[in-house]
Each structure stands twice: as C-alpha cells, then as structure tokens.
Amino acid sequence: MLRSLGERERLLLDELAAQADVGRLRADLEALPAPRHRRSDPQRMAAAEAFVESRFHDAGWDAERRSFECGVNVVAVREGVEPTALVVVAHLDTVAGSAGADDNGSGVVALIELARLLAPFRFRRSVVLAAVDLEETGDFAGSEALIAELQAQRRIAGTIVFECIGFTDSSPNSQRIPPGLGLLYPGQVARARALDRAGVWTLVIHRSSGMPLVRAFGEGLVAMAGADAVLVVRDPLSLPIIGPILPWAVPTVRHFARSDHVAFWRHSIPAIQVTDTADLRNPRYHTGLDLPATLDYRRLADTVAATALAIHRLAG
C-alpha cells in the first residue's frame, strides 16, 4: 500500500525534517496553558487560544479566533488560487483537570510547527490549520462549525486530524489491542504482535475516500521513521455489509470513532486520523500526569515533516 519515495520527494522530506525542531516543539508544549476546559478553566482556555493564534501569526499566517455558539476555534489560512482547501485539525480542549500534553497538546504544537515549515511556500489549493474546540464533549462541535464556515467558501478536498500523536513506549506489551480486532485486521494485529506489542507505531485510520491522504502522509512517515512506524486501518464502520452491525458484535470498534475525523466523515469529506492510540497505549491519558516530559518529540517532529510533505503532494 505504501511505496518508497522518489528521489525528489526524499530530498524535500529531508529538507523539511531538518527544519522540524524537536526543542521548539517541546518548548511550545511546555508553554501551552493547561488544563484547557471551557467550563472549568475558561481563563486558561482563553490564554491557550491567544497562544496558538500568536504562534500562527509569528509563522506568517493569517489567523484568527472564530467564535461559534458554544466555543472558539483558532484558524490559520494560507490562501491558494483554486476554490479547494486541504485542512489539518487538532483539538485544543482537554477534559477537566487533565494536563493534556498528549491529548491533545501534541497535536496543537504539531499544527504550530507545521505552520512554520509551510510558511515559505504557496500552493494551488488553500491550506487551513485549525485548533478546534469541544472535541472532548463527543459531539465535535468545533469541527462541525469549522466545516460549515469553510464549505461556505470552498470545497474541502481532504483533512488530516491529529489526535494524541506524541506518546511512544518501546516496552513489550505497552500497546493494548482490544479483543476482536484480530478478526477484522489480522495483518495489522500480526505486525503489532511481531513488535512484542510495543507502542512504537503511529496509527492511520481512513475510509476509502481517504486513501490519497493515507499514502501522502504514511509514505513520508515511513521514510522518516521506518517501515514499522505506521499501521494503516480502514474504519470498520465503513466496511461493506458488516459495518453497520459491528458496534454490537465487536463493541471495541467504537474506538475508531472518537475524534474530529468523524465530523468530516459525516459530511462525506475525505479525512484520516493520525494517532498514537491514546488510552490504548498511554497510561496517563485524561489525567494530571499527561505531561510534556512524557512525550516522544522525535516522533512528533517526524509526524510534522511527513504532514508537510503530504501538503506539498496534495496542495500542488
């Protein structure tokens, strides 16, 4: 499914990777206010919005806080010449009381670093980077508001959603594999077991319309971090015939529908989720111990570089 990069793309990826700064990613995450919960921590939430908006501006992007009925999205735009857009999303909010480094400060600082890497370039398609609100409520209201705004102006050609992307653990059995998944994904589960169930790979979840996004991103990350760095799975709920009944037959498939990519799928927009699998790997998920010191900044930087290459491939 994932091919090797050609020479020109490999050179471009090397260039982008050299600019993705591990120290800067960590410094941004340590400076990002937390917890970020609109009801219990409104002041920290407002400070986080201002922080992200400021970093986007510093990188040379047009950026603003866009209020909707229940919350605020922070949106940066680089306008193209075609009426289509590629979108990269990470949710800014946390659950109440969580330090929120992996969930989802990792995705937010990756957006900021991506803005820096893409700053010198202009593309045919517009590029939108959005730190969205209210993912943790489960209705993905921030992404729904973003989709409504963007579709009023342009067609969304594809979306990459960052959701917990910074935690790895090379210890055997650090990666939990929910029961029943081996029946749906025998090849992927076999690969995970061959790695002693160590939490060292990044999961990419897609539907069939998102395969160009999978290839554009996944091939870059494999080139950066190795063949074992990426596992790709199709959303089980979109499988023909059995998809609609799977939540009752194999309840663990609900893990694949827990973030903002679902909002884009609702609108038939190609989207992929990029994730370290959150609580299936990270024991500090949704706690006060989800701290910047626990993350793998090399993998985070590689993810940013791979996403920047994907934008180059898909935005023209």
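In this predicted model, phenylalanine 162 is in contact, once its neighbours within four places in sequence are left aside, with Val88, Val89, Ala90, His91, Asn104, Gly107, Ala110, Leu111, Val274, Thr303 and Thr307. Phe162 is also listed, together with Val52, Phe56 and Leu129, among the residues with the most contacts inside the largest nonpolar core, which has 65 residues.

**Nonpolar cores**

- In soluble globular proteins, nonpolar side chains tend to be buried together.
- Besides the core of 65 residues, another core lies apart from it and comprises 31 residues, including Val75, Ile147, Leu181 and Ala271.

**Helix α8 against helix α11**

- Two packed helices are described by the angle between their axes and the distance between the axes.
- For α8 (residues 211-225) and α11 (residues 297-315), the axes come within 8 Å and cross at roughly 135°; the two helices are therefore oblique to each other, and α8 passes α11 in a right-handed crossing.
- On the α8 side the contact is made by Pro212, Leu213, Arg215, Ala216, Phe217, Glu219, Gly220, Leu221, Met224 and Ala225, which meet Arg299, Asp302, Thr303, Ala306, Thr307, Leu309, Ala310, Arg313 and Leu314 in α11.
- By residue class, this contact of α8 with α11 divides into 11 nonpolar, 3 polar and 5 charged residues.
- Thr303 and Thr307, which take part in the contact with α8, are also listed among the contacts of phenylalanine 162.

**Helix α1 against helix α11**

- The axes of α1 (residues 7-19) and α11 come within 9 Å and cross at roughly 135°, so that α1 and α11 are likewise oblique to each other, and their crossing is right-handed.
- Glu9, Leu12, Leu13, Leu16 and Ala17 in α1 meet Ala305, Ala306, Ala308, Leu309, His312 and Arg313 in α11, and the residues of this contact divide into 8 nonpolar, 1 polar and 2 charged.
- Ala306, Leu309 and Arg313 of α11 are named in the contact with α1 and are also named in the contact with α8.

**Glutamine 273 in strand β8**

- Glutamine 273 is found in strand β8 (residues 271-275) and has a relative accessible area of 5%, which means that glutamine 273 is buried.
- Leaving aside its neighbours within four places in sequence, glutamine 273 is in contact with Val161, Glu163, Leu203, Val204, Ile205, Ser259 and His261.

Key
Residues numbered from 1 in each chain as written. Predicted model: local features only at pLDDT ≥ 70, side-chain atom pairs only at ≥ 80, totals over all residues. Heavy atoms only, no water. Axes fitted to C-alpha atoms, helices over the stretch in contact; angles between N-to-C directions. Helix = DSSP H or I, 4+ residues; strand = E, 2+ residues; numbered from the N terminus. Parallel < 35°, antiparallel > 145°, perpendicular 65-115°, else oblique. Left-handed = near helix turned anticlockwise from the far one by under 90°. Contact = heavy atoms within 4.5 Å. Nonpolar A, V, L, I, M, F, W, Y, C, P; charged D, E, K, R; others polar. Core = buried A, V, L, I, M, F, W, Y, C linked by side-chain atoms within 4.5 Å. Buried < 20%, exposed > 50% of the residue type's maximum accessible area, 1.4 Å probe, protein only.
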